[in-house]
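I opened a new page for this model.

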Amino acid sequence: MARKTSRIGTVLGGLGALALAIAATGCAAPQFTYVGDGSANTYFKVPYGWHQISDASLTQELKAPGSIFGKAPGMWDVAYDAAVSPNATDLASPIAMQPFVFAFVIPASAVLSNALSYNTLRDVTLPVTAADRAAATKDKFPLTNFQSLRDVVIQASQGIHGVWETFDYTYPDGITDTFDQVALTNADATQIYVLEMHCMAACYSQNQDEFNTVMSSFTVRSP
């Protein structure tokens, strides 16, 4: 709420100014939309004007042939698009001109849990480590010119830990995309929590503050 002025010329003038301030505050739109998976104690926020992708559209996109993301049993997912005309295809589009946010929580199988490492988390959606990029190249992975912009290890409370990666990839048509990704796991490595944003590199440069706000808001608490 707006602060009252400390110098009021008249009683009526002060009350009038205060009434206008209250009215203006009441009409103001929220600054953020808060998103979460309550069962997994996972939360983040996006600017209020961004649009949620419908569950049906997101599911269809995740199951599309050639999707770089999988759809696994027990998975929670949600996506938001900053575009005026939001579209689930922006999830993996090389020409996303506005930020696109995708989050998911997935249980780790016993095999994955035993093998889970910081490097596994780095490579959770796209090849980031040198070894995974080399393997991807042999498999004719189409994106090239990888450039790491950030590689930060996260140690949070209750044993939550992981990595924050920011990196560029160039598509075959020459368009460069910037990906921002936080991938976390819990203390016993039974859950994986991922928040990823992306758009064209020029878009990222113009919206870097929004990227940082959204990514740094990602919060996971162990049950």
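I looked up the largest nonpolar core first: it has 27 residues, and F44, W50, V101, L195, V214 and F218 touch the most other members. A nonpolar core here is a set of buried Ala, Val, Leu, Ile, Met, Phe, Trp, Tyr and Cys residues joined through side-chain atoms within 4.5 Å. Buried means under 20% relative accessible area (1.4 Å probe, protein chains only). Strand 9 (191–200) gives the most to this core, four residues. Strands are DSSP E runs of at least two residues, and helices are H or I runs of at least four, numbered from the N terminus.

This is a predicted model, where local features need pLDDT of at least 70, side-chain atom pairs count only at pLDDT 80 or more, and totals for chains, interfaces and linings use all residues. Residues are numbered from 1 along each chain as its sequence is written, and side-chain values use heavy atoms, without hydrogens and water.

Next I checked V214. Beyond four places in sequence, V214 is in contact (heavy atoms within 4.5 Å) with residues including F44, W50, V101 and L195.

I then found a second, separate core of 19 residues, with A108 among them. A108 lies in the loop between strand 5 (100–107) and helix 3 (110–115). Is A108 buried or exposed? I noted a relative accessible area of 15%, so A108 is buried. A108 and T190 are 82 residues apart in sequence, yet 4.9 Å apart in space, C-alpha to C-alpha.

Last, I turned to strand 4. Five of its six residues are buried.

Conventions
Buried means under 20% relative accessible area, exposed over 50%, partly exposed in between (1.4 Å probe, protein chains only).
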